[in-house]
Amino acid sequence: MTDPLPSPATSPLVRAGLQQEVPHTPVWFMRQAGRSLPEYRKVREGIPMLESCRTPELVTEITLQPVRRHGVDAAIFFSDIVVPLMAVGLDLEIVAGVGPVIAEPIRTRADLDRLPELTPDMVPDITESVRLLVAELGPTPLIGFAGAPFTLASYLVEGGPSKNHERTKALMHGDPELWHALCARLAQISGVFLSVQAEAGASAVQLFDSWAGFLSRADYLEHVEPHSRAVLSTFAGAHPGVPRIHFGVGTGELLPAMAEAGTEVIGVDYRVSLTDALERTGGRYAVQGNLDPALLFAPWEALERRVREIVEEGRRAPGHIFNLGHGVLPSTDPEVLTRVVELVHRLSAR
Ligand code: 1CP
């Protein structure tokens, strides 16, 4: 049999996600687009973050930049987890050096009424951006994404980035009914945001529950998991064959629960080895990760040693997507990222 024509559906990233044979371990980096790239800083000059996210030509250019430069195996859609919240009419801003800031936080039932459901007609620009990208990317897959209900809820309840998530946890425990209503609404919004991207041609999706690691396992299971499960299962029903990646930071204790919430790929941060992650999830899930982004600042020999270890550990998984354990740090030397891509491809070539 001859090899199928190269296409996103037969790309190493999608194949690894679906536990199929791959020609090499696919690599991409969380936050591969962004401030580590001079070409990004140049096109973003003077344009606010959320405006950039809603301008299809700019989204396309920024998403393609790291693909051109590093030869990564996937593009990640340039957007932000708060874009769908902005689309339903919430007053919010991404403040440079801070992150998302919500003008009026959501803490009461009346506040929840300011958060309507998302419908695809509220985000025509997202459809357009994804279509433009898929046309430009050819066989390289585009990863769509959304924030998971807990991580989104944290921004909404706290009003911005939080160190301890105290107001969020106070609401979760103080008014569970409102908490579940808020998370159910956020699950609807995230679900539609993911589905719009897949409908327009995204070949894989990642659900970012970046702050889930701040929860105990019991809190995760009772207050959060049902809502992430709703997003993930609705997506799988509508888009079979599009691999899902479920990722959080500091989630070593939650890996089994996050895997069982419904995913093909479990994202692993750098605090847990891929070997331990495989063991904790019964060896049944493909894994993504997990180079410590700070190691990109270490001497090449030390970095190379760690990359080799991760590629080796990944061979024991039913599928491995090489990535960092969290996003690229802004002052990372982009040339080091390119070398890591080349190294992973060389080490893993079959
Ligand atoms: O002006 C700028 O350059 C703003 C920096 C920036 C960028 C480049 C923000 C603000 N968001 C983004 C893009 C982005 N955000 C992407 C696409 C680019 C890529 O990965 O290459 C993605 C996937 C996100 C998702 C996102 N936004 C997450 C989940 C991923 C993660 O890092 O855990 C989270 C938590 C956010 C919120 C957010 N948006 C921006 C910042 C600085 C933050 C984090 C703030 C905080 O610490 O709470």
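**Ground rules.** I number residues from 1 along each chain as its sequence is written, and side-chain values use heavy atoms, with hydrogens and water left out. Since I was reading a prediction, local features need pLDDT of at least 70 and side-chain atom pairs count only at pLDDT 80 or more, while totals for chains, interfaces and linings use all residues.

I started with strand 2 (residues 92–95) and strand 3 (residues 99–102), which run antiparallel and are joined by four bridges. Strands here are DSSP runs of E with at least two residues, helices are runs of H or I with at least four, and both are numbered from the N terminus; two strands pair if DSSP finds at least two bridges between them. I found Val95 opposite Gly99 of strand 3. Three residues lie between the strands, and Gly97 takes a positive phi near 80 degrees in this hairpin.

**Helix 11.** Next I looked up helix 11, residues 217–238. Its 22 residues reach 29 Å from first C-alpha to last, close to the expected 32 Å (1.5 Å times one less than the number of residues). I noted a bend of about 55 degrees at Val224, with Pro226 following within four residues; the bend is the angle between axes fitted to the seven residues ending there and the seven starting there. Buried residues of this helix include Asp219, His223, Val224 and Phe235 (buried is under 20% relative accessible area, exposed over 50%, partly exposed in between, with a 1.4 Å probe and protein chains only). The buried residues pack against several elements, among them helix 8 (149–158), helix 10 (176–199) and strand 6 (244–247).

**Trp211.** I then went to the loop between strand 5 and helix 11, where Trp211 sits. Trp211 is partly exposed, at 22% relative accessible area. Leaving out residues up to four places away in sequence, Trp211 touches Phe150, Thr151, Tyr155, His165 and His326 (contact is heavy atoms within 4.5 Å). His165 is 46 residues from Trp211 in sequence, with 8.9 Å between their C-alphas.

**Rings.** I counted four aromatic pairs (ring centres of Phe, Tyr or Trp, by its six-membered ring, within 6.5 Å; planes under 30 degrees apart are stacked, over 60 edge-to-face, the rest tilted). Phe145 and Phe208 form an edge-to-face one, 5.5 Å centre to centre with 90 degrees between the planes. That pair links strand 4 (residues 142–147) to strand 5 across 63 residues. Phe145 counts as buried because its relative accessibility is 6%. Ring pairs link Phe145, Phe208 and Phe247 into a cluster.
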